[in-house]
Amino acid sequence: MTGARLTVVRAGALTTPQDLGRPGHAHLGVPAAGALDPPAHRAANRLVGNPPDAATLETTVTGCALRADREVVVAVTGAPCPVRVDGRPAAWGEPVRLPAGAVLEAGPATHGVRSYVAFAGGVAVPRVLGSRSADLLSGLGPAPLRDGDVLPLGEPSRAAARPERVPLPGPPEELVLPLLPGPRADWFAPAALRVLATGDYRVSSASNRIGLRTEGPALPRAREGELPSEGMALGALQVPPHGRPILFLADHPTTGGYPVIGVVPESSLPPAAQAVPGTPVRFVPLGGP
Amino acid sequence: MTTLLPAEAATQPSGGRMRMLPVGDNGLLVELPDGAAVEALYAELLRRTGRSATPPSDGHDGGLHAVPAVREIVPAARTILLTGLDRPASFAAELATWRIPPRGPSTRRVVELPIRYDGPDLAAVAARWGVTEREVAREHAATEFRVAFCGFAPGFGYLTGLPEHRHVPRREVPRTSVPSGSVGLAGPYTGVYPRSSPGGWQVIGTTDAALWDPAREPAALLTPGTTVRFVPEGGR
């Protein structure tokens with residue numbers, strides 16, 4: 001069973017190995033990376049009997065296709081998409097048996113952005129600083145998949161696959177982002193939080209794993225200039241000089257000089273991984289802690 | 001447990017006070033008066049979280065109970081970000097009672113970086129300093145730098161040590177690509193590009209040192225607190 005491999009038949013627009021990331025190295029300038037939609041990543045792993053930190057493949061909009069050289073149980077979660085095994089329809093969100101030599105196709109997302117493809121045993125690319133995640137900001141970890149790449153598969157655990165249906169939330173029609181003000185809310189005019197709460201914001205097509213960019217009204221500043229570089233947290237809503245906020249996601253830079261008006265709690269970030277460009281964004285400022 | 005009296009809480013060695021800013025539901029941004037205070041608190045945080053070989057400064061009880069589980073500790077120019085705290089507000093209150101020893105002399109490892117002073121902005125920096133290019137090289141190589149903090153890219157350290165009258169602004173037009181190993185100046189800092197990337201620092205030289213190697217432990221050659229000297233190749 002050792003030495004099993006996956007061959008990339010169709011890499012898709014952007015498909016990367018992701019696990020739970022490499023937190024703990026931000027002081028060295030290393031982003032955490034990791035699956036952008038952790039609940040979907042964990043669900044995919046559960047369905048094939050993997051521990052939560054096994055690496056899955058995170059697709060972007062157009063899906064991917066792979067061939068395994070031995071029989072392996074697979075599951076596709078996250079953005080709903082047509083799943084096929086050698087061209088025949090198979091279940092999304094359930095364990096699927098992929099025979100040796102057969103091609104698994106995760107098709108283009110019908111809605112949402114990122115699907116997660118788990119293989120029993122996990123994608124066993126080498127770990128860098130404890131993680132198999134691709135980090136697209138700094139280039140750590142594996143490169144995005146290309147057609148023809150061959151990836152090692154890990155040994156399936158003895159744990160049986162868990163075939164029960166897992167409740168998987170669909171991609172958001174509207175992206176609702178609760179926001180805890182600070183640390184630099186005082187760099188903005190008093191009206192800024194109201195503009196944020198009531199403005200017509202939409203997800204920009206320039207969004208990526210580093211940040212979800214928005215289109216909408218600019219937030220008025222009370223102070224001009226830049227801060228000396230300071231640490232940036234996951235979920236930080238950073239406001240560059242153009243005034244339109246950027247929500248920092250897994251591959252965000254660890255430090256930055258633009259003020260952060262508020263922070264979206266981590267538990268509210270997974271839907272941001274699935275919001276397609278044009279999705280309305282509603283910020284909901286919460287009382288200060 | 002830490003049992004410092006409130007009277008001690010007001011005494012920060014730098015003479016300044018900490019300002020605690022909320023960062024979401026599990027983070028805390030500690031703002032300090034200057035870079036030396038950042039380095040002092042960062043060293044104390046490492047000691048109290050057991051991330052440093054040096055025992056905690058207050059001696060009694062190890063002090064380790066004073067720091068709850070934390071995911072990241074990110075020092076920067078004037079701040080330290082902590083994330084992954086269960087109760088950031090109560091930790092902020094706790095932190096305000098700490099007595100933090102001043103930044104000590106450099107006891108950590110010293111890294112020597114070979115350098116060739118051959119950068120495209122050497123002449124511009126010499127003009128700003130009002131000295132010859134040779135004198136820029138001599139003065140830069142005679143400076144003992146410290147890694148104040150890291151960021152921008154894995155392996156990139158912000159090195160302090162140049163006196164204020166030697167600080168230079170960033171280039172007005174950043175370069176789209178600065179080669180790996182470029183040694184640049186910006187504001188109070190010197191830095192080395194660990195890999196080729198866009199950048200606006202004034203590049204005065206080149207080093208062949210491997211700033212970042214994921215196969216090495218630690219992967220980063222320059223970690224916060226490290227002492228750094230630039231050693232001209234060929235003895236100039």
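Which side chains meet in a salt bridge at 2.8 Å, N to O, with one partner in chain A and the other in chain B? I looked it up: R184(A) and E31(B) are the pair. For the term I took a side-chain nitrogen of Lys or Arg within 4 Å of a carboxyl oxygen of Asp or Glu.

Ground rules first. I am working on a predicted model, where local features need pLDDT of at least 70, side-chain atom pairs count only at pLDDT 80 or more, and totals for chains, interfaces and linings use all residues. Residues are numbered from 1 along each chain as its sequence is written, chains are lettered from A and ligands numbered from 1 in the order in which they are written, and side-chain values use heavy atoms, with hydrogens and water left out.

**Entry: around E31(B)**

I followed E31(B) into its own chain and found a salt bridge with R19(B), at 2.6 Å from N to O. That pair links distant parts of chain B: E31(B) lies in strand β2 (residues 27-31) and R19(B) in strand β1 (residues 19-23), 12 residues apart. Strands here are DSSP runs of E, at least two residues long, numbered from the N terminus. E31(B) counts as buried because its relative accessibility is 18%, while R19(B), at 38%, is partly exposed. My cut-offs are under 20% relative accessible area for buried, over 50% for exposed and partly exposed in between, with a 1.4 Å probe and protein chains only.

**Entry: the A/B interface**

I counted 3 salt bridges across the interface of chain A and chain B. I also have 11 residue pairs in polar contact between the two chains, both residues at pLDDT 80 or more. A polar contact is a pair of N or O atoms within 3.5 Å; within protein, one must be able to donate a hydrogen and the other to accept it, and residues adjacent in sequence count only if both atoms are side-chain atoms. On the side of chain A that touches chain B, the elements giving two or more residues are β12 (175-181) and β15 (230-231). That side divides into 17 nonpolar, 11 polar and 4 charged residues. My classes: Ala, Val, Leu, Ile, Met, Phe, Trp, Tyr, Cys and Pro are nonpolar, Asp, Glu, Lys and Arg charged, and the others, Gly among them, polar.

The contact (heavy atoms within 4.5 Å) takes 32 residues from chain A and 37 residues from chain B. I get a buried area of about 2500 Å², with 62% of it from carbon and sulfur atoms. In chain A, H27(A), L28(A) and P183(A) lose the most area to chain B, together 22% of what that side buries. Buried area is the accessible area (1.4 Å probe) that two parts lose on being put together, summed over both.

**Entry: other salt bridges**

I noted 25 salt bridges over all chains. One of them joins R10(A) to E105(A), with the closest N and O atoms 2.8 Å apart. R10(A) sits in strand β1 (residues 5-10) and E105(A) in strand β9 (residues 103-106) of chain A, 95 residues apart. R10(A) is partly exposed at 25% relative accessibility, and E105(A) is partly exposed at 24%.

**Entry: cysteines**

I found 0 disulfides over all chains, the rule being a pair of cysteine sulfur atoms within 2.5 Å. For C64(A), the nearest cysteine sulfur is that of C81(A), 8.4 Å away. C64(A) is buried, with a relative accessible area of 1%.

Notes. Helices (H or I, at least four residues) and strands (E, at least two) are DSSP runs, numbered from the N terminus.
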